[in-house]
Amino acid sequence: MHRSRFSTLLIDVPRDEAPAATSFWSATLGVLARPVPNEEQFTGLPGSFPGLVMAIQAVGDQARYHLDIETDDVDAETARLVGLGAVEISRWLDCRTLRVPGGHLLCVIPQHSDPETFEKYSQVWD
């Protein structure tokens, strides 16, 4: 048995466009952009969506959106999603990147939200 939940919306933008994208989304959503400590490729947009993380991610690739699923068991959640039709395409640290039916990216990441939020919004899977 494990738990998981949709936790994060990431706006992936080419590195050189990250400052302009950050300014745009910060002004659009009416929130202050904040660099994420020790993770220079991320700029958080706290307060955009209560209970969720929203951030700009500077990437060496094309612009896109991707979602993160946080879980208390990365292996079990990855296996569950692969069983639903996703394909694992890469790994980075403790995270797994999947391509899901329809072609979108989805990352499976270790639990990062506070325990109360995780408990409140996560689903239990067998």
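## Helices and strands

Helices and strands here are DSSP runs: at least four residues of H or I for a helix, and at least two of E for a strand. With that in hand, reading along the sequence of this predicted model gives the pattern β-α-β-β-β-β-α-β-β-β-α-β. That makes three helices and nine strands for the protein.

## Overall size and packing

How does the radius of gyration fit a compact globule? With 126 residues, such a globule would come out near 14 Å, and the protein has 15 Å, so the two agree. Along its principal axes, the C-alpha trace spans about 40 × 30 × 25 Å.

Inside, 40% of the 126 residues count as buried. Now take the contacts with a separation of 6 or more: 61% of them come from residues 24 or more positions apart.

## Surface and charge

As for charges, the protein has 10 positive and 18 negative ones, and their mean positions sit 3 Å apart.

## A look at Arg64

Let's zoom in on one residue. Arg64 belongs to strand S5, which covers residues 64-71.

Who are its partners? Leaving aside residues up to four places away in sequence, Arg64 touches Leu10, Ile11, Asp12 and Leu105. Its side chain also makes a polar contact with the side chain of Asp61, at 2.9 Å. Pro14 is 50 residues from Arg64 in sequence, yet their C-alpha atoms are 9.4 Å apart in space.

Methods:
Residues numbered from 1 in each chain as written. Predicted model: local features only at pLDDT ≥ 70, side-chain atom pairs only at ≥ 80, totals over all residues. Heavy atoms only, no water. Contact = heavy atoms within 4.5 Å. Polar contact = N/O pair within 3.5 Å; in protein donor to acceptor, adjacent residues only side chain to side chain. Rg over C-alpha atoms; globule rule 2.2 N^0.38 Å. Buried < 20%, exposed > 50% of the residue type's maximum accessible area, 1.4 Å probe, protein only. Lys, Arg positive; Asp, Glu negative; His and termini not counted. Charge placed at Lys NZ, Arg CZ, Asp CG, Glu CD.
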